[in-house]
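Here are my notes on this one, as numbered points. Have the viewer open while you read.

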Amino acid sequence: MWIMAAILSAVFAGLTSILAKCGIKKTDSDIATALRTIVVLFFAWVMAFVSGSAGEVSAIGAKSLIFLILSGVATGASWLCYFKALSIGDVNKVVPIDKSSTVLVVLAAMVLFGETDNLAVKLLGTVILSAGIYMMIEKKQSFHSGTDKRWFLYAALSAVFAALTSILAKIGITGIESNLATAVRTGVVLVMAWLIVFLKNKQSMLAGIDKKEVLFICLSGITTGASWLCFYYAIQNGIVSIVVPIDKLSIVVAVIFSGIVFKERLSVKALAGLCLMVLGTLVMAVCA
């Protein structure tokens, strides 16, 4: 069940990138992040009530609560960086860099959680993943202009914060129903996202948002919520160093739809890198 949840997480996450890109063509990325977090929060609490875990909020221990809050802060930072990168860069370039968080999470899981079973296979998968990510970045093209440098920086920061999110969440959801943990974390992200909007004095932009883009932002919020619920169920019940790589296969969904919707094309080198990323993930998945 947890492997299936990880696969569904990847599908929904891939759709999120495309829907979000459609919603930030004219809309400021910070505003878009804040709006979509409202949708994710609603979705998360609905699932918490459906699962019957909503009433267990008061039973969350201090340690778990602290790590859930820290995980939420890391998530908020990752989102803000990721959607800023998407707003100024191509999906098929931003997503691979964001997915480099996989390597950090796998290595951290081995050290922190003792997930060293089939160590040689996991390390082999990590090396293959890293090689694929490097090939997809296409360094010579990526650093051609100042704009490219900015999207790369935001994408790299997104990866670092995403890695922290997974590790902190694994610690925070110990003994807590995954739907409830997701709802609590999303509340933290919501506060952080809107705080950024008001600190940057961008709230006045809300009146001029394109209604069509709002629809795409809301849809991306729904797919994000679905991805989160699947992902945190998977890491709670499964092996982090396997769940995270499977979840990162969302890049395949994102690349396919970026070609269909935005006419973005991969070079031969980038396509080979994508194949290596998939191969690395499959190598690690056999550890299950």
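1. F198 comes out partly exposed at 49% relative accessibility, whereas W194 is buried at 17% (buried is under 20% relative accessible area, exposed over 50%, partly exposed in between; 1.4 Å probe, protein chains only). The two sit four residues apart in helix 9, so about one helical turn separates them.

2. Keep in mind that this is a predicted model: local features need pLDDT of at least 70, side-chain atom pairs count only at pLDDT 80 or more, and totals for chains, interfaces and linings use all residues. Residues are numbered from 1 along each chain as its sequence is written, and side-chain values use heavy atoms, with hydrogens and water left out.

3. The count of aromatic pairs is four (Phe, Tyr or Trp rings, six-membered ring for Trp, with centres within 6.5 Å; planes under 30 degrees apart are stacked, over 60 edge-to-face, the rest tilted). One of them is W45 with F49, tilted, at 6.3 Å centre to centre and 50° between the planes. W45 is partly exposed at 25%, while F49 is exposed at 61%. W194 and F198 are tilted too, with ring centres 6.3 Å apart and planes at 40°.

4. Now the packing of helix 9 (residues 178-199) on helix 10 (residues 211-237): the angle is about 125° and the axes are 9 Å apart (axes are lines fitted to C-alpha atoms over the stretch in contact, and angles run from 0 to 180 degrees between N-to-C directions). That makes helix 9 oblique to helix 10 (under 35 degrees is roughly parallel, over 145 roughly antiparallel, 65 to 115 roughly perpendicular, the rest oblique).
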